[in-house]
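Please look through the structure shown here with its charged side chains in mind. The paragraphs that follow go from one pair of residues to the next.

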Amino acid sequence: MEEDGLRLVEDFHSLAPLMAELSERDRQILHMRFVEEATQAEIGERLGCSQMHVSRLIKRIIARLREGMLGELGCA
């Protein structure tokens, strides 16, 4: 259990600089989806685009973050 907590903290420290590299819009989309727990349709309404476009944006953002995390793991 304690090991899981430590891993979460390590992941957060690795993710923070990657999040800082995202555009304001990308950070806003992630915040709406994962902090506010807005649906993709709700996010689309707020941004003025379709739910499908929001889905693509989220997939692209997450892929970029995952790539950054995996790259960092390879350097460790």
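Arg-27 is partly exposed in this predicted model, where its relative accessible area comes to 28%. Its partner in a salt bridge is Glu-24, and the closest N and O atoms of the two are 3.0 Å apart. Glu-24, for its part, is exposed, with a relative accessible area of 54%. Both residues belong to helix H2, which covers residues 24-35, and because they are 3 residues apart in that helix, about one helical turn separates them.

This pair is part of a total of 3 salt bridges that the structure holds. Another of them joins Arg-60 to Asp-26, with 3.2 Å between the closest N and O atoms. Here distant parts of the chain are linked, since Arg-60 sits in helix H4 (residues 51-75) while Asp-26 sits in helix H2, 34 residues apart. Are the two partners buried or exposed? Arg-60 is partly exposed, at a relative accessible area of 40%, whereas Asp-26 has a relative accessibility of 5% and therefore counts as buried, the cut-off for buried being under 20%.

There is also a salt bridge between Glu-36 and Arg-46, whose closest N and O atoms lie 2.8 Å apart. Glu-36 is found in the loop between H2 and helix H3 (40-47), and Arg-46 is found in helix H3 itself, so this pair ties together parts that are 10 residues apart in sequence. As for its accessibility, Glu-36 is partly exposed, with a relative accessible area of 37%.

Note on methods:
Residues numbered from 1 in each chain as written. Predicted model: local features only at pLDDT ≥ 70, side-chain atom pairs only at ≥ 80, totals over all residues. Heavy atoms only, no water. Salt bridge = Lys/Arg side-chain N within 4 Å of Asp/Glu carboxyl O. Helix = DSSP H or I, 4+ residues; strand = E, 2+ residues; numbered from the N terminus. Buried < 20%, exposed > 50% of the residue type's maximum accessible area, 1.4 Å probe, protein only.
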